Amino acid sequence: MSIKKIIWTLFSGNAFAQLLMIAFAPIIARLYTAAEFGIYAAYVTVITITVKVASLGLEKAIPLERNRVQAKKLMHINQSLAILISLVILLVYLVFGVSVLNWVGIYPTLWEAILLSVGIAMTSLIQIYNYENMNREQYRILAMTRVLQNGFTGLAQIGFAFSNVMKGLGLLLGDVIGKAISVLILSRVSKQGVKNRITWGDTKELISRYKHFIIFSMPAGLINTLSLQLPLLLVLAIFGANDSGQYAFVQRVIIVPISVLAITLSQFFYSVAAKEIGENKAKVYELYVGLTKKLAYYLTIPFCIFASFAPPIFQVLFGEEWLLAGQLTQVLGVMFLTQIICSATSQILYLLERQKLQIVLEIIKLVFVIAIFGWMQRDFLQTMLVYGSVIAIFNLSLWFIGRQLLKSEGGLVIGKNEK
């Protein structure tokens with residue numbers, strides 16, 4: 001498949017998926033309160049954070065494995081680890097009645113604890129299958145499942161609200177249902193590929209080969225996710241469910257849709273760069289710089305215009321209750337824009353196997369995030385403005401570091417290409 005066709009396949013699928021989310025948003029915003037969004041977002045945040053450790057970071061090694069049989073075995077190891085972690089979390093709740101959500105004042109019921117563990121397992125499996133499809137270059141599957149997942153999630157969340165059956169769990173239950181359908185489709189597609197049996201010897205050999213992903217990549221990915229996801233839990237703990245719900249709604253309506261192109265190019269970049277990084281760093285460098293320049297050129301002005309009018313747009317589309325979400329879009333605008341522009345190439349340190357550097361940078365960022373929320377606890381919007389500015393600086397810094405590493409490791413070939 002040509003590069004243009006790959007990009008178009010991924011983009012069209014992701015774009016349609018996000019259009020579905022945008023279409024459902026005005027309805028869902030009037031069926032659930034900001035506080036309900038805040039509680040739901042806390043569960044999703046815990047799921048997102050846990051997924052980063054559920055398979056020990058080994059899923060990122062799947063696209064790097066050139067042997068399809070070994071890649072399949074690596075996928076099975078990832079799946080087993082993810083399911084095991086989700087079961088352990090549920091077991092801890094059943095035996096001790098303890099949940100990580102307790103520290104922000106949320107005490108899950110049995111059904112909520114079950115949904116939390118199922119959500120962790122489903123999200124982990126989707127991520128693992130997506131990396132396998134990158135290895136197999138099954139880009140249509142990546143696009144199709146994203147559409148179906150968002151579609152079924154939105155319909156289920158609306159359905160539970162209208163039926164008034166389990167409305168309190170409607171947002172979380174709908175999310176889990178959408179992911180479960182996606183996993184079902186991906187698992188059926190995966191079975192059509194290479195068939196193999198995995199032994200303890202295979203497991204030991206593959207874990208040993210990619211141990212640096214466990215030692216460095218997994219902690220770095222966890223810390224990066226914490227720096228991005230922890231703020232929502234901190235907002236919930238410090239400012240309350242209503243403000244965290246406003247922030248969560250911004251994530252649902254703005255962050256996800258505007259990142260559709262970045263997600264597409266990120267999947268494309270990681271897939272192509274994983275195959276070229278060993279022998280042709282000059283090509284990876286050109287792709288790295290070129291993607292970022294194009295994103296900056298085409299997105300900066302439209303996004304700035306949208307952010308300027310965000311508060312009245314939110315009021316008209318979603319109701320008076322969501323004015324604060326529009327104001328949040330403005331104060332976090334620089335962070336959103338840098339995330340879009342730089343996210344397509346954000347995994348370059350993994351590809352260059354500079355996991356030690358990655359983890360150091362992520363620790364510094366996380367320390368700054370915790371310090372900001374620990375220090376500024378009076379004004380919600382001011383706190384978010386400082387937080388967004390710091391994250392934007394780190395996004396840009398990481399991109400420049402990746403550029404310099406590619407440039408230096410590519411040697412004279414890159415220097416000539418730049419001229």
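Q: Which residue forms a salt bridge with K179, and how far apart are the closest N and O atoms?
A: Side chains of opposite charge can pair when their charged atoms come close. Here K179 pairs with D175, with the closest N and O atoms 3.0 Å apart. The term salt bridge means a side-chain nitrogen of Lys or Arg within 4 Å of a carboxyl oxygen of Asp or Glu. A word on the source: this is a predicted model, where local features need pLDDT of at least 70 and side-chain atom pairs count only at pLDDT 80 or more, while totals for chains, interfaces and linings use all residues. Residues are numbered from 1 along each chain as its sequence is written, and side-chain values use heavy atoms, leaving out hydrogens and water.

Q: Where do K179 and D175 sit in helix 6?
A: They are 4 residues apart in helix 6 (residues 170-190), so about one helical turn separates them. Helices are DSSP runs (H or I, at least four residues), numbered from the N terminus.

Q: Is K179 buried or exposed?
A: Buried means under 20% relative accessible area, exposed over 50%, and partly exposed in between (1.4 Å probe, protein chains only). K179 is buried at 8%, and D175 is buried at 9%.

Q: What about E362 and K365?
A: They form a salt bridge too, the closest N and O atoms being 3.5 Å apart. Both are in helix 16 (residues 355-375), 3 residues apart. E362 is buried at 4%, and K365 is buried at 5%.

Q: Which residues do salt bridges that share partners join into one network?
A: That network holds E65, E205 and R209. In it, R209 bridges to E205 at 2.6 Å between the closest N and O atoms.

Key
Helices (H or I, at least four residues) and strands (E, at least two) are DSSP runs, numbered from the N terminus.
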